[in-house]
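Please open the structure in the viewer and keep the sequence at hand.

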Amino acid sequence: MDNFIIHGPKSLRGEVKISGSKNAALPILAATMLTREKCEIKNVPDLRDVKSTFELLNYMGKKCFFGFNAFSVEEASALKHHAPYDLVRRMRASVLVAGPLLARFKKVRFSLPGGCSIGVRPIDIHLEAFQKLGAEVSYERGDVIVSAGKLKSARLKFRFPSVGATENLMMCAALIKGTTVLENCAREPEIADLAGALRCMGAEVEGESTATIKICGRDVLKGLKYSVMPDRIETGTFMLIAAAAGGKLTLLNTDIRLVKSVARGLEKAGVKISPPGGRGGGITVETDGLRPRPVSVETKPYPGFPTDLQAPWMAFMARAKGESLIHEEIFENRFMHAAELMRMGADITVTDRKAVIRGVERLLGAPVIASDIRAGAALIVAAAAAKGVTVIGRIYHIDRGYEKIEDKLRLAGMKIERVKA
Ligand code: EPZ
């Protein structure tokens with residue numbers, strides 16, 4: 001297993017190119033299961049989760065090619081309907097093959113994804129919605145089997161705006177004749193990107209980015225040529241690394257409108273964010289690297305503060321000139337990074353879904369461990385501001401969500417290297 005070794009503090013300068021969005025690419029790659037035709041998707045980030053999806057699609061009967069951020073998919077043989085445990089357990093997003101396979105073959109079997117460090121992460125919202133479309137759900141040896149004699153369009157309301165359930169049901173409805181109305185949908189930008197891809201495949205989709213999405217399905221869908229949106233979580237993460245380290249960093253190939261809540265928080269904390277259309281149309285983050293003003297946040301479904309930036313935000317607040325509060329409203333166990341930040345000198349108290357951060361003058365480098373993608377990113381934010389050497393272990397978590405992160409940071413002036421543990 002590799003480690004990152006980071007020497008801090010060191011201000012950052014220059015430019016970083018933001019990659020395509022992991023959380024938009026994964027559902028769009030799953031959507032290729034809806035058609036027999038060739039699909040070509042660009043701006044796909046080279047990440048462990050994309051490689052896992054590559055393996056899953058090939059296992060299911062597709063023939064995939066991936067290189068230079070271009071992913072192409074052709075149908076090589078009759079598709080399997082069973083996504084096995086060893087592939088699903090590696091990546092929860094594998095559950096996104098359910099909607100397409102159910103729609104195409106009226107039957108899908110996949111391993112219950114199991115939880116991860118941030119929570120139990122059930123899929124009841126997905127399954128209840130499939131049942132509303134006429135499917136039956138059964139369980140066998142850790143697998144869930146969803147099948148239907150006939151699927152019918154329907155109007156259904158999610159009990160919670162689940163991102164994955166919204167995506168799964170959009171894909172399923174795209175192959176069901178008639179108009180399916182999904183209410184209380186997630187409104188994340190990645191949902192809009194999936195809607196754009198489904199439209200390219202011939203489905204009629206309207207209302208994405210609002211709480212109600214209408215899909216008029218087709219008997220058959222075409223292949224697609226599509227380019228994935230920028231990664232807004234990577235964008236927010238780099239904004240926080242730059243704010244913590246100090247200096248002036250410009251993020252290219254991204255859009256400030258994707259990170260409004262984070263930009264607002266950073267400006268409240270005293271960080272200068274360039275107006276939209278900064279050089280190269282990107283976002284410039286500028287700060288003297290001194291201690292930020294304390295700013296409290298609570299995570300919410302989009303357009304609220306994103307849960308995926310809660311950990312990096314906590315790391316940034318660890319040196320604030322005062323006390324801030326974080327309320328994690330999306331996942332039940334998403335403060336694993338707090339203990340690691342405290343090893344670097346942070347002063348944090350966690351009670352259930354609330355964390356109180358009392359800012360300290362100085363963080364100190366230390367050996368720490370990543371527990372999930374975003375907790376790992378938080379340790380990089382802290383290491384960027386900490387005095388001394390930080391060694392981050394289990395960085396395979398970070399590799400799941402950030403493409404070539406050490407190369408991008410080194411180019412911006414950070415003293416970071418990847419070493420074999
Ligand atoms: C997506 O996960 C993202 N993953 C997550 O990003 C992100 O944190 C999350 O949305 C929230 O924004 C991808 O897009 C691949 P949810 P997803 O269904 O779809 C509960 C990252 O770091 N829930 O919106 O799984 C669930 O337990 C990852 O990139 C149910 O109870 O999120 C959670 O508490 C981490 N039943 C809440 O809803 C269900 O059937 C939000 O989950 C589904 C979800």
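Begin by colouring the protein chain by domain: domain 1 comprises 2-18 + 230-420, and domain 2 comprises 22-227. These bounds come from an automatic or database domain assignment. The model is predicted, so local features need pLDDT of at least 70 and side-chain atom pairs count only at pLDDT 80 or more, while totals for chains, interfaces and linings use all residues. Residues are numbered from 1 along each chain as its sequence is written, and side-chain values use heavy atoms, with hydrogens and water left out.

**The boundary between the domains**

Display both domains together; their C-alpha centres are 30 Å apart. Contact here means heavy atoms within 4.5 Å, and by that rule 24 residues of domain 1 touch 21 residues of domain 2. The two domains bury about 1,900 Å² between them, with 51% of it on carbon and sulfur atoms. Buried area is the accessible area (1.4 Å probe) that two parts lose on being put together, summed over both. Now select Tyr 302, Arg 400 and Glu 403: they supply 32% of the area that domain 1 buries against domain 2, more than any other three residues.

The term denotes a side-chain nitrogen of Lys or Arg within 4 Å of a carboxyl oxygen of Asp or Glu. Between domain 1 and domain 2 the count is two salt bridges.

Nine residue pairs, both residues at pLDDT 80 or more, are in polar contact between domain 1 and domain 2. A polar contact is a pair of N or O atoms within 3.5 Å; within protein, one must be able to donate a hydrogen and the other to accept it, and residues adjacent in sequence count only if both atoms are side-chain atoms. On the side of domain 1 that touches domain 2, the elements giving two or more residues are α12 (373-385) and α13 (396-399). Helices (H or I, at least four residues) and strands (E, at least two) are DSSP runs, numbered from the N terminus.

Asp 49 belongs to helix α2 (residues 48-60) and Lys 22 to helix α1 (residues 22-31), so the pair ties together parts that are 27 residues apart in sequence.

**The ligand**

Which residues are closest to the ligand? Among the 21 that surround it, the closest are Asp 124, Ser 162, Asp 308, Ile 330 and Arg 374. A residue counts as near if one of its heavy atoms lies within 4 Å of the molecule. Then select Arg 92, where a side-chain N or O atom is 3.3 Å from an oxygen atom of the ligand. A polar side-chain atom of Arg 159 is 3.1 Å from a ligand oxygen. At Gly 164, a backbone N or O atom lies 2.8 Å from an oxygen atom of the ligand.

**Backbone details**

Select Gly 8 and Pro 9, which are joined by a cis peptide bond with omega about -10°. Pro 9 is in the loop between β1 (2-8) and β2 (12-17). Finally, return to Tyr 302: its peptide bond to Pro 303 is cis, with omega near 10°.
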